[in-house]
Amino acid sequence: MTGNHTRSFFEKLYQNCSSSTKTVEIRRLPNEYGKGYPSIDSGKSATEIAEIIEAFDNKTKPFGVFFGVALRRKSFVDEDVNFVPVEVPALWADVDAVNLGYDMAQTLLAIRMAPGLLQPTAIVNSGNLLHQH
């Protein structure tokens, strides 16, 4: 996604959510197992989220970028800081088409043919997974 598309996606996804104290969890995971460590960031606005994602979303960097749909708030448990889900703006589902041996085009067609309210508003193809929101 480009910066404007990323920002627009997050603006629409969280448009009916409340409270500016909640954040979106963003994870950067190494593309190759054992090649670095995952890291977690968080963003509060669509612009901030898009900037974090765009900084790592290209083929020359060794990380994939993922986000948690649920809005989160910091929680302190046993001196550890955790981000716990507190508001869910949408339903989502991930279909691991490639690892399950499904044809990606056929899987996408089946998703688009779902009846009425089951049709996703957005589909993100991460290469192996189809993330539906």
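**Exercise 1. How many helices and strands does the secondary structure of the protein come to?**

Start with the ground rules. This is a predicted model: local features need pLDDT of at least 70, side-chain atom pairs count only at pLDDT 80 or more, and totals for chains, interfaces and linings use all residues. Residues are numbered from 1 along each chain as its sequence is written, and side-chain values use heavy atoms, with hydrogens and water left out.

Step 1. Apply the definition: helices (H or I, at least four residues) and strands (E, at least two) are DSSP runs, numbered from the N terminus.

Step 2. Count them. The protein has 3 helices and 7 strands.

Step 3. Read along the sequence. The pattern is α-β-β-α-β-β-β-α-β-β.

**Exercise 2. Classify the aromatic pairs that F10 forms with Y14 and F67.**

Step 1. Set the cut-offs. Rings of Phe, Tyr and Trp (its six-membered ring) pair if their centres lie within 6.5 Å; planes under 30 degrees apart count as stacked, over 60 as edge-to-face and the rest as tilted.

Step 2. Note the total. The structure holds 4 aromatic pairs.

Step 3. Take F10 and Y14. Their ring centres are 6.2 Å apart and their planes lie at 5°, so this pair is stacked.

Step 4. Take F10 and F67. Here the centres are 4.9 Å apart with 80° between the planes, an edge-to-face pair.

Step 5. F10 sits in helix α1 (residues 3-13) and F67 in strand β3 (residues 63-77), so the pair ties together parts that are 57 residues apart in sequence.

Step 6. Assemble the group. One aromatic cluster is formed by F9, F10, Y14 and F67.

**Exercise 3. In which order do the 3 strands of the open sheet lie?**

Step 1. Define pairing: two strands pair if DSSP finds at least two bridges between them.

Step 2. Give the order. The strands run β5-β7-β6, with antiparallel pairing.

Step 3. Find the edges. These are β5 (93-95) and β6 (123-125), each pairing on one side only.

Step 4. Inspect one pairing. β6 and strand β7 (residues 130-132) join over 3 bridges in the antiparallel sense. I123 stands opposite Q132 in β7.
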